[in-house]
Amino acid sequence: MPRYTVHVRGEWLAVPCSDGQLTVGWLGREAVRRYMKNKPDNGGFTSVDEVHFLVRRCKGLGLLDSEDLLDVALEDNEFVEVVIEGDAMSPDFIPSQPEGVYLYSKYREPEKYIALDGDSLNTEDLVNLGKGHYKIKLTSTAEKRVQKSREVIDSIIREKTVVYGITTGFGKFARTVIPVSKLQELQVNLVRSHSSGVGKPLSPERCRMLLALRINVLAKGYSGISLETLKQVIEVFNASCLSYVPEKGTVGASGDLAPLSHLALGLIGEGKMWSPKSGWADAKYVRLAWQLLAIGLALINGTQMITSLGCEAVERASAIARQADIVAALTLEVLKGTTKAFDTDIHAVRPHRGQIEVAFRFRSLLDSDHHPSEIAESHRFCDRVQDAYTLRCCPQVHGVVNDTIAFVKDIITTELNSATDNPMVFASRGETISGGNFHGEYPAKALDYLAIGVHELAAISERRIERLCNPSLSELPAFLVAEGGLNSGFMIAHCTAAALVSENKALCHPSSVDSLSTSAATEDHVSMGGWAARKALRVIEHVEQVLAIELLAACQGIEFLRPLKTTTPLEKVYDLVRSVVRPWIKDRFMAPDIEAAHRLLLEQKVWEVAVPYIEKYRMEHIPESRPLSPTAFSLESLCKNSIKIPESEDL
C-alpha cells in the first residue's frame, strides 16, 4: 500500500493510500483531517471543508494539481507539503527534515505599540519586538531631536562643508570630497558595496530585532537621518518587511557594516526581502523603493548586529540559568542528596548575590516543612556525610553564572540605548564630530564573558547526568532503564551531552582577543563582536540541550523511586515533563524526547510551574531572603505577569 509523508504546519503525518486512483486533493484533505484530529482545538478549524490549501513537493517545491492522480503525480513514500491558505511562510530551514522544507505559521499583526525614544529600550522589549509582539512608534521628544539633527545635515549640504561620510568618501577615501550632484549616488553606492556578507540569513525574528534596534539608535537624534525617512523605516518594520541579512561579514568595527548594509539594501528596493505574505522575494516586489538622501551611513554604522544578537543571548541565558537550579534540585532528589549544603548561614558568610539566590531556590524546592519529600525522608538517617561537588556546590557554580549574566545585561542594556554612529551630529552645537562609538569592543568582550560563564551550567549538568546514569553512583539501574543490555536507555543521550560540552569548550575561546587590520589600515583594530554574539548564542543553545537531557534523566530516575514522591514543586515539574514525554520503559527514538524537553526550557515552562512555590517560600522567609539577582523574577514582575502564588493548602 503506497504511503505519503505529509508536512502540515510543522508536523509530519504518515498518510497511507489504498487506492492509487485517489487524487492529490484527497491527500491534502486527509492530511488536514489527521492534523485537526491531533489538535485539541482542531487546529483552529471547524471542518476540513473550510480549509483551503495547496499541495507541493518538498524537494524542488513544485506545486501539484489537486486533480492529478496520486499514482501518476507521486512516488511511494514521497514527501509533500500542505500549505494552508492564509499561513505565513518562515524561511527557517529544518536540517533534520527533507531539503527545501519550510515551516508555516499564522502571522498575526500586532495591535500594541512600543514607543521608542532612544534612551529606555530594554532587552526583554527588544526580544518581544523581534517576536512580532509589538509595532513601533516614536515619542514626540525623539521626533524633535531627529528633526534638529537633520537640520544640521541640511546646512552642511547647503554650505558644501566637508564632513566625513556626508560630503566625502569612506574609510581610506575620507579625504576624497564628493560633489553635491553625486551625494545621492554616494549613499546608494555605499549601501551596495558594503552589502558583502555571506552565510545563512538572519531569521525574521533576529532581523526584526536588528531593525528595531537601529530605529531606536536613530531615534536618539545623533545620526542625521530625516524624520520622513525614519518614519518610512518604521513603516517597513510595522509591516514586517525584512531584508535578507547574511549572518557573517562583520568584524565589529567600524560597527556592523556588512549586515547593516544588507538591512539598508532592502529598504532601497534591492536584494531580497521577506514578508509574512510573500516569503522571500525580490525587495522591489515586497516593498517599493524610496529615494533616500544622504542617509546611507546613518543606516549602516553601528553595533546593532552584535547588540541585538547579544540581547537574545542575555535573555535566553537568564531563562536557562533560572531553570538550571530547578533541574539540578530534581537531580539531587533522585540521587538522594542532602539539603545541608544550602543552609542560610553557609552562604551568608560568602555573600555573592547569585550564590545566595541559588541556595535560596534550592531550599524553596527541596524537602522542608512547607513541602516535605518522601524521597528525602527515605534516606534521612543514612550514613552519607556530604554530596559530590556537582550537587553540593551548585550555589557557588550556578551563582556566578547568574552574576555574570547580570554584568553582561548591564552592558548590553547600555549599548541598546547608545549612539554608535560616525560622525555624530550634535544639534545643540550645530556641528558633527568624528569619533569611535561604532567600535564593538564593549558588547564583544561582554558576550565572550557570557559564553564562558553560561557554559559552566552545561559542564556541571553533564557530570550530574553521569551520576544519574552510572549505577555505582546512583544506586539506580544502569543508564536508567530496565533490562539493561537489551535496552541501552540514556547511554548515548549522556554521550550527546558530553559532545555538546566539549564543543562548547572550543566555542568559549574569546573572539574579541583577535583583531585584523582592515580598510587599508584605517580600521586597524576591530572587535570581532559579530562572532562573539553568534557563538554565545550557540553555547547557550548547547547549554539548554544538555539541561534538557538532565531533566529527562532526572524524571526517569524518579520512576525507579516510586511510589515515593518528591516535594510538591518538583512533582509539578515531573508532571510537566510527563505531559510531553512518557516514561522510558524500553528503548525508543530518543531525539524527539530531547527536543520536547528543550522546548519546555525554551518556553520557560519549567520556571513557570516552579516559580510560584519559590516566591511563596520567599514571602514566608523574608529575613533570610536577600534581594533577588537581576536575573531572577521579582515580586513586581510576578504581579505584572499574573503568576499565581499557591495558597498554603496547595503546598
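**View 1. Phe-360 sits in helix α13, residues 353-365.** Helices here are DSSP runs of H or I with at least four residues, numbered from the N terminus. This is a predicted model, where local features need pLDDT of at least 70 and side-chain atom pairs count only at pLDDT 80 or more, while totals for chains, interfaces and linings use all residues. Residues are numbered from 1 along each chain as its sequence is written, and side-chain values use heavy atoms, leaving out hydrogens and water. Phe-360 is buried, at 2% relative accessible area (buried means under 20%, with a 1.4 Å probe and protein chains only). Its C-alpha atom is 8.5 Å from that of Ile-614, 254 residues away along the chain.

**View 2. Leu-126 belongs to the largest nonpolar core, which has 147 residues.** Such a core is a set of buried Ala, Val, Leu, Ile, Met, Phe, Trp, Tyr and Cys residues joined through side-chain atoms within 4.5 Å. Leu-126 is among the members touching the most others, along with Ile-215, Leu-447, Leu-450, Val-454, Leu-457 and Phe-490. Leaving aside residues up to four places away in sequence, Leu-126 touches Met-209, Ser-308 and Leu-416, among others (contact means heavy atoms within 4.5 Å). Another core, of 23 residues, lies apart from it and includes Tyr-35 and Val-48.

**View 3. Residues 90-105 keep a pLDDT under 50.** pLDDT is the predictor's confidence in each residue, from 0 to 100. The model still gives this stretch 49 contacts beyond four places in sequence. Residues 627-643 are also below 50, with 35 contacts beyond near neighbours in sequence.

Terms used:
Helix = DSSP H or I, 4+ residues; strand = E, 2+ residues; numbered from the N terminus. Buried < 20%, exposed > 50% of the residue type's maximum accessible area, 1.4 Å probe, protein only.
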